[in-house]
2 protein chains.
Amino acid sequence: MSTAQTEGHFEKLLLKKIRSSIGQAPIPIQFNPEGSRPSEITGTDSVVIRDRRTLARIVLDPDVGFGDAYMEGRIEIQGDLVRILEDAFHAMRSRRKSWYNRMFSGWLQHVQNNTLKGSAANIHHHYDLNNDFYRLWLDSRMVYTCAYFPTPSATLEESQEAKLEHICRKLQLQPGEKVVEAGCGWGALALHMAKHYGVTVRAFNISHEQISYARSQAKKEGITNRIEFVEADYRNISGPFDVFVSVGMLEHVGHEHYSELGSVIHRAIGNSGRGLIHFIGRSRPAPFSAWIRKRIFPGAYVPALREALEVLEPHNYAVLDVENLRLHYAKTLEHWLERYELAVDRVSAMFGPEFVRAWRLYLAGSTASFRAGLLQLFQIVFAGSTCQQIPWTRAHLYAAEAGCEEESQWIHARS
Amino acid sequence: MSTAQTEGHFEKLLLKKIRSSIGQAPIPIQFNPEGSRPSEITGTDSVVIRDRRTLARIVLDPDVGFGDAYMEGRIEIQGDLVRILEDAFHAMRSRRKSWYNRMFSGWLQHVQNNTLKGSAANIHHHYDLNNDFYRLWLDSRMVYTCAYFPTPSATLEESQEAKLEHICRKLQLQPGEKVVEAGCGWGALALHMAKHYGVTVRAFNISHEQISYARSQAKKEGITNRIEFVEADYRNISGPFDVFVSVGMLEHVGHEHYSELGSVIHRAIGNSGRGLIHFIGRSRPAPFSAWIRKRIFPGAYVPALREALEVLEPHNYAVLDVENLRLHYAKTLEHWLERYELAVDRVSAMFGPEFVRAWRLYLAGSTASFRAGLLQLFQIVFAGSTCQQIPWTRAHLYAAEAGCEEESQWIHARS
């Protein structure tokens, strides 16, 4: 190795520990302190660690240590960041007692602190950053959740619209119905539902920046009579509504509040309503990345599908449909990352270079996680025990996509 | 009431108890002992209880008491049996401390006894009755699980074939792949897969009658080279296979054996395979009808969807798709009941009038349960953590149904 002369016994030991914990991943890891001669490995993938303290931090606290060191520029990664992370995730997954497992250990017991006040602070941290920042790399509708790509080559704009449409079809919205949305982002779904499906929407969000933007969009579209954006926590929702929908909020609710969320849903739509929840999930329970929780999403928890069902089960909601769109989230993130990289100069001017690197790692790591199957994206459609609006098949979801004339062929229960 | 003179104080008390427990259901319940003048209520729905002992049995042990009394002819039900049961289920569901709840109380702790020997006895009880009996009212393929009706007016024959096709599409079977089926009934799915998808199938079942029939069908079709029917418990399955499929077996496994089933699946397809389980489920956990367990399905347990996920979660299988087909099972059962009623003389000649009534109640009660949403029918598609064959969307499931030319438009992961 080219940098052997800079590695003492201690550094070698730490490097060995880090290398062995990644298992079979073919990623060269170098120790190459600043000031020493630059790495001779170029043009191929490599991870370059810039100082002795960082070596120790990664061994002691792999997740936060690695993330923060990357953010601070003490680790440099040469090559395709997403692919390198994906290979590392694949390799680490096969090791039981690995760095990867330790990376997540000890975090289960952390308090999520998603009280009304805690949630407000947590959401403010991420979503109130700055609308201009998100505008740099999101689509024109400002949709910050997994898109639905009719084909892998569809554009992000098309696919975010297709996602809104996919959700509306799954919900079988009828003109005049009342819909409540919990966690509405910048309002794209609420606006789409009110505009194209003739429903009235009451949409909740505790991000001030997002709600302000959403209200201005409703004015611009001239649909303020059918849509109300409420700057309040989802726990303030009361009924009655025909439909409950929530896209990308469950991750912020925290597992210990699922029963409360179930009660909110039941208060909103009772036994006769129906709904959809769209969320990042897992195949089995695991704590969320400590680094992501520290730097990106305070209060976040990504549930196993089984855990998410705890929201619905106490109120006897029947699950009608679960769709896993993890490949679509990987693709969405690829688009975001590509747009983000084109805008890093402006991001750096806004928030500085550490922020640029932190968000690069977050977007790349998320892409890799969805590709590798560490994260899943679930859409669950559910209906109350007396709901009469149950589709006969799911063919209506694909009617237009398949290029057929029939717009919808769903049939109500008992018809 | 016309039969007032035959009701003493005790009978009145018992009747009142029974009536109140059904809540708001508009079902007249009469006490009308044999030998007394016949009921004057005709042409409308009514439940006629024939003796004092039956009144007491229903109050003391509602589920088994009612079922056995109906079977023995001590209760007569006038009117549409399915609709009366459905109304009763709806009415009883709204009552917390009701007959309906009591009906199921105390059964959770019952031992399922699905050891290798116990399962064999349990399955023999139901499935080895007689192929001729099932032939009287099943479709020509002898499929004894929920059909998939492309439209509600499709025939049972069409819809059982559509179900086999729907499952094969969900599994994305490719020529040359190896499939293992756990609980194959009379072999219809295994035969369909081998014949139309060019896969080799190893199909397990512990019902001797069914396996014999399935083998003769494979011979008749000339596909014994691609299909093997094994008369053995699912716990004898070993790998490697590309695909695991099980239709209508989970209900017989018993909740305490889910972890074992998960291990069998993992032994069969590892982390790279994919699979589908099709089963009767619920929205929340509840014990299975004690009467059905006593007279129809010993050892059966119908899980909540969340409980069923316990099979897959320990092995990190990703759920790709869950579809609820409960309205299709109600429709399937309507067809079966209609055919059954046309054949009751022959059924009675085979097994006697009590059997006729028991199976009528079972088929009608099941229809009512699926209509009322007490029971659900789930198909879960899942994939191992390194499985590369993940469809891009579900549009391929509906391509032919929607009358389009494209047979399939799924795209492999990473393509």
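These exercises, each with a worked solution, explore a predicted model.

**Exercise 1. The side of chain A that touches chain B**

Task: Work out how many residues are in contact between the chains, and which element of chain A gives the most.

Solution: 
- Step 1. Count both sides. Chain A has 36 residues in contact with 36 residues of chain B.
- Step 2. Look for elements of chain A that supply at least two residues each. Helix H14 (305-312) and strand S9 (318-324) both do.
- Step 3. Pick the main contributor. S9(A) gives the most, with 7 residues.
- Step 4. Sort this side of chain A by class. It holds 20 nonpolar, 8 polar and 8 charged residues.

**Exercise 2. Strand to strand across the chains**

Task: State how many bridges join S9(A) to S9 of chain B, and in which sense the strands run.

Solution: 
- Step 1. Locate the partner. In chain B, strand S9 covers residues 318-324.
- Step 2. Count the bridges. There are 3 between S9(A) and this strand.
- Step 3. Take one pair as an example. Val322(A) has Val322(B) as its bridge partner.

**Exercise 3. A sheet in chain B**

Task: Give the order of the strands in the open sheet of chain B, and say which strands stand at the edges.

Solution: 
- Step 1. Read the order. The 3 strands follow S1-S2-S3, with mixed pairing.
- Step 2. Find the edges. Strand S1 (29-31) and strand S3 (75-78) each have a single partner strand, so one side of each has no neighbour in the sheet.
- Step 3. Zoom in on one pairing. Strand S2 (residues 46-49) and S3(B) pair over 4 bridges, in the antiparallel sense.
- Step 4. Name a facing pair. Val48(B) stands opposite Glu76(B) of S3(B).

**Exercise 4. Val247(A) in its chain**

Task: Decide whether Val247(A) counts as buried or exposed.

Solution: 
- Step 1. Start with the chain. Chain A comes to 17 helices and 10 strands. Of its 415 residues, 52% count as buried.
- Step 2. Val247(A) lies in strand S7 (residues 243-247).
- Step 3. Count neighbours. Val247(A) has 24 C-beta neighbours inside 10 Å. The cut-off for buried is 20 or more. Val247(A) therefore counts as buried.
- Step 4. List its contacts, leaving out residues up to four places away in sequence. Val247(A) touches Thr145(A), Ile167(A), Leu189(A) and His278(A).
- Step 5. Compare with the chain. Among contacts in chain A with a separation of 6 or more, 73% come from residues 24 or more positions apart.

**Exercise 5. Lys12(B)**

Task: Classify Lys12(B) as buried, partly exposed or exposed.

Solution: 
- Step 1. Lys12(B) lies in helix H1 (residues 9-21) of chain B.
- Step 2. Count neighbours. With 13 C-beta neighbours inside 10 Å, Lys12(B) counts as partly exposed.
- Step 3. Phe31(B) is 19 residues from Lys12(B) in sequence, and their C-alpha atoms are 8.7 Å apart.

Notes: Residues are numbered from 1 along each chain as its sequence is written. Chains are lettered from A and ligands numbered from 1 in the order in which they are written. This is a predicted model: local features need pLDDT of at least 70, side-chain atom pairs count only at pLDDT 80 or more; totals for chains, interfaces and linings use all residues. A residue is buried if 20 or more other C-beta atoms lie within 10 Å of its own, exposed if 12 or fewer, and partly exposed in between; C-beta atoms are placed from the backbone. Two residues are in contact if their C-beta atoms, placed from the backbone, lie within 7 Å. Ala, Val, Leu, Ile, Met, Phe, Trp, Tyr, Cys and Pro count as nonpolar, Asp, Glu, Lys and Arg as charged, and the others, Gly among them, as polar. Two strands pair if DSSP finds at least two bridges between them.
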